[in-house]
Amino acid sequence: MKNSGRDEQRKRAQGRDGQRKYGESTGNAEGQKDIIRITGAVFVSMGIALMLAGLCLFLWNRREDELAGRRAQETLAEVKAAMEAGAALSEQWGDSAASLAEGDPAIGSGRDAEGGTGEQGTDIPTVTVGAYEYAGYLCIPALGLELPVMAQWSYPRLKAAPCRYYGTAREGNLVIAAHNYPRHFGRLSKLSQGAEITYTDAEGTVWRYEVETTDVLAPEAVEEMTEAGYALTLFTCTYGGASRVTVRCRAGEERTF
């Protein structure tokens, strides 16, 4: 009888130990599930936040592109009007037009309200629109682009329009930079060899070019950008700014209005 009682007590103790261990294991499993659920919820929330951030960035860039394109087209119309006014003045007064132009705020000489004369310090014929001097305008039919070109460059100016970075059309070493907005130079890499480009300077001379090659240069390769011996170079930064997409062009025919 005594042994039977002891066996019964042992069984009850073992049962209690089993229940306790089962409860502990069940609790641990539930705790692990909670951790997994919380971790999953955190990752999902982070993914949603990143998707929203990407969407906001896309919408912001699209808005910037639309604004840049609209501003450029409005400015282009003013640049063309100023150039036509200068051509009319020249036709009417001949050699005296140059002296008359000095007193006309719409006709400049390469210096705008912020001072300076461009990257290489060259005075060039320009027209004035607002506070800035424009050297002419650029036409890239393959991309459906026609854009004004500022006479000087700076990062704030690039947000408004392409800028003359170096050289001149007449000297055969013109370099033009622009932002990578799709409505500026963001699609330069799509240009094929032989694509035609024209640049009309402020005096109305039309300079014709053909795409010869496309390069990718480092940001610090300034001499390679400006001294490569091409008649026209167009460039823009890649997204993120790590490199410069560079289109090199050979000269075609020159035509004057």
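Visitor: How many salt bridges does the structure hold?
Guide: A salt bridge is a side-chain nitrogen of Lys or Arg within 4 Å of a carboxyl oxygen of Asp or Glu. This is a predicted model, in which local features need pLDDT of at least 70 and side-chain atom pairs count only at pLDDT 80 or more. Side-chain values use heavy atoms, without hydrogens and water, and residues are numbered from 1 along each chain. The number of salt bridges in the structure is four.

Visitor: How many residues apart in sequence are the parts that Arg 170 and Glu 203 tie together?
Guide: The side chains of Arg 170 and Glu 203 meet in a salt bridge, 3.8 Å from N to O. Strands here are DSSP runs (E, at least two residues), numbered from the N terminus. Arg 170 lies in the loop between strands S5 and S6 and Glu 203 in the loop between strands S7 and S8, so the parts tied together are apart in sequence by 33 residues.

Visitor: Which residue forms a salt bridge with Glu 210?
Guide: The closest N and O atoms of this pair are 2.9 Å apart. Glu 210 is in strand S8, and its partner, 40 residues away, is in strand S10. That partner is Arg 250.

Visitor: Is Arg 248 buried or exposed?
Guide: Arg 248 in strand S10 pairs with Asp 215 in strand S8, at 3.5 Å between the closest N and O atoms. Buried means under 20% relative accessible area, exposed over 50%, and partly exposed in between (1.4 Å probe, protein chains only). Asp 215, at 24%, counts as partly exposed. Arg 248 has 2% relative accessibility, so Arg 248 counts as buried.

Methods: Helix = DSSP H or I, 4+ residues; strand = E, 2+ residues; numbered from the N terminus.
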